[in-house]
Amino acid sequence: MICLDQSVVTSPENLHLLGKNRPSSGILLLSSLSALTLHAHAVMPKMVRPMMAYQPPVGDQTCFGYLVVTKVRDWSAALNIKIRIGAVGENEWCLFLVLMGAGPAPISPCRQPLTSTRLAALHARLGLSKSKFPLETLAKCLIDRTMDHNPAVNNSALSNLGNNLIGYWTSEYLLTKYPRLPRAILGQSVSSFAGNKVLHILGREWGIDHAFMPKAEADAGLLQFGRVRPGEENWMLNAVNKRPVNRLKLEAQGKERQPLEEEMGLTTEEVEIADPSDKKGLKKIVVGMPLELAYANAVKAVFGAIYLHEGQKATYEFFKAHILSRHFDLEKVFDFFTPTRTLSRIAAREGFEPPIARLLSESGRNTRHPVFNVGVFSGDELLGEGAGASLNEARIRAAVNALKAWYLYSPPASIRGDLPSKTERDPSAEFRGGFLDKGDVVI
Amino acid sequence: MSLLTPHLRPALRQALAPFTPARYESTTRRMTKKLRLPPAASFRLDASSPAGTHIIYNPPPTAASVKQTPALFMAANDPRRALSLNTPSLPLAEGQELPPPVRKPYEKKYHLKPEDFAKIRELRKADPVTNTRKALAEQFGCSPFFIGMVAEATKEHKIEMHFKQKKMMKRWGRIRTKARAEKAKRKAGWGGADGL
């Protein structure tokens, strides 16, 4: 790729030079803001729910996964539970004693991963590995950081890992399949394919249900998170950005800091959990989380957890089955600001004949509802066709369709490159590079 | 002015043609009969049609899908380049010309020198009211868009023009205001945002 000096290109004195057939004019510079954002703009397409196989609904009592509830009722199973849990807290001892004393009494739901039918059912429904993927990790995936601020207990680390995996695999898939996608479109496509909205729907489809205002004894199979307070718009910013600045300023002035509780409006419990040695203080504490985001984080955490327990290969299979299998209409994402100019620039860069709009057919020119059908030609090759109620509309739509055809070019399997992550899953595999585009044009 | 000037010809033809009511018939029966269309050629059975049950493929006319990449846009080593199947090309008969262009095609001249750019900027800065984009474009033989690229109007002039336009828009009535707003909305979707 040839790179131009950005300051040279974008300075007003040199703008007129862009139109000329100068060497390397119109070649993408990744750092150029205008190339990335000005002419193409992504819109969120309407999402269509995919057709999916039947899945048992949440709490379906006919589906216990492989958790056989009767086993828990006898003594040996109860002992097994104790051994697997490891650290024994007060609650666990209570449960243990209840089990010992009451025998086959029904178990009350509490944060005990091994006694939750919902959790076991979810584990089975997702087809997670019985031997490698423990139920405790799945329970951890369902605990949001707003429920428990301790990062050792909540899903924040797992969800961060899952987020990176999903983002990386989705973008590499899209770029390998459609190597000419502009950056704005790619970003929007990734979030339409596997963004928070989609992952929320996915979590619902998996049958994850959430607890309303959960306490510590909530069923481990429920998604647990703190609600955003009514009317709280900047839920993410509650003291996130202000806090470190104020603190430094106060320290520089030699003043004593306010008690954390007062400053943050947090309860004592939340303050105690935060690490006081951390310079940034309580920066990352979020008190409430929107439902959609809590679901998305849980789903991402499941991806991260599969990666840790079952390895990358299994995670990729899971990713293919749950995310890449979804229908996504890429052509609906495009929205061009200057389609005709963009098309001319592409034609000039690639050495095509300049595109000319030609009137293919028309009907009712002098009526209230005329229809014009215009095709954009380069030489005698038709690049795109568009219909509209005015000549201008048809001409612009034709240019838009030609641009979509250009950007949505997908090389056939025989010349398509391998996914870069292929060699990560199998280090001995051979990697074949694919079609690389010159990049976006500068308008 | 002669009656045979081009813009009068259709009117003349209409005046001389025998009277035929084009839009409707006087009775429902005649109108229905008039609107009755013969079936499409592909639906009609003839001697060459298959004898048994068969599928007739006659899709409605639609624009080509953007997933069909024109051969020109394909990579040099794309095997589909050789097959013209994937190209939405027009079947042009021997000697047939391409359809007429929507706008008159023009060649870019690239005739302006750096001194001209300096002069354009100077003129535009000195008096943006007289030296509009259009006036300068005529003077220098280029497009108004190009003038805008070379010498943008000053900020003050832009603000002034903005308020002038606002003042003019205030005089619009309810119907025109609504029509303009709707037109702008429709136009905003042409780039692909309307999903058509």
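Chain A has 18 helices and seven strands, where helices (H or I, at least four residues) and strands (E, at least two) are DSSP runs numbered from the N terminus. The model is predicted, so local features need pLDDT of at least 70 and side-chain atom pairs count only at pLDDT 80 or more, while totals for chains, interfaces and linings use all residues. Residues are numbered from 1 along each chain as its sequence is written, chains are lettered from A and ligands numbered from 1 in the order in which they are written, and side-chain values use heavy atoms, with hydrogens and water left out.

**Exercise 1. Chain A and its helix 14**

Solution: 
- Step 1. Buried means under 20% relative accessible area, exposed over 50%, and partly exposed in between (1.4 Å probe, protein chains only).
- Step 2. Contact means heavy atoms within 4.5 Å. Among the contacts in chain A with a separation of 6 or more, 66% join residues 24 or more positions apart.
- Step 3. Helix 14 of chain A covers residues 291-310, which is 20 residues. From its first C-alpha to its last, helix 14 reaches 28 Å, close to the 28 Å expected at 1.5 Å a residue; the expected span is 1.5 Å times one less than the number of residues.
- Step 4. A:Gly311 follows helix 14, and its phi is positive, near 95°.

**Exercise 2. The surroundings of A:Asp437**

Task: Decide whether A:Asp437 is buried or exposed, and list what its side chain reaches.

Solution: 
- Step 1. A:Asp437 lies in the segment after helix 18 (422-425) of chain A.
- Step 2. Its relative accessibility is 18%, so A:Asp437 counts as buried.
- Step 3. Leaving aside neighbours within four places in sequence, A:Asp437 is in contact with A:Pro179, A:Arg180, A:Arg349 and A:Trp406.
- Step 4. A:Tyr178 is 259 residues from A:Asp437 in sequence, but 9.8 Å from it in space, C-alpha to C-alpha.
- Step 5. A polar contact is a pair of N or O atoms within 3.5 Å; within protein, one must be able to donate a hydrogen and the other to accept it, and residues adjacent in sequence count only if both atoms are side-chain atoms. The side chain of A:Asp437 makes such a contact with the side chain of A:Arg180 at 3.2 Å. The side chain of A:Asp437 also reaches the backbone nitrogen of A:Gly439, at 3.0 Å.

**Exercise 3. Where chain A meets chain B**

Task: Describe the interface of chain A and chain B by area, by bonds and by the parts of chain A involved.

Solution: 
- Step 1. Buried area is the accessible area (1.4 Å probe) that two parts lose on being put together, summed over both. For chain A and chain B this is about 4,000 Å², with 62% of it on carbon and sulfur atoms.
- Step 2. Chain A gives 52 residues to the contact and chain B gives 42 residues.
- Step 3. A salt bridge is a side-chain nitrogen of Lys or Arg within 4 Å of a carboxyl oxygen of Asp or Glu. One salt bridge is counted between the two chains. B:Asp194 forms a salt bridge with A:Arg397, with the closest N and O atoms 2.7 Å apart.
- Step 4. On the side of chain A that touches chain B, at least two residues each come from strand 4 (334-336), strand 5 (356-363), strand 6 (371-378), strand 7 (381-388) and helix 17 (391-407). Helix 17 gives the most, with 12 residues.

**Exercise 4. Salt bridges within a chain**

Task: Give the count of salt bridges over all chains and examine the one between B:Glu182 and B:Lys178.

Solution: 
- Step 1. Over all chains the count comes to 13 salt bridges.
- Step 2. In the bridge between B:Glu182 and B:Lys178, the closest N and O atoms are 3.7 Å apart.
- Step 3. Both residues lie in helix 7 (residues 174-188) of chain B, four residues apart, about one turn of the helix.
- Step 4. B:Glu182 is partly exposed at 38% relative accessibility, whereas B:Lys178 is exposed at 51%.
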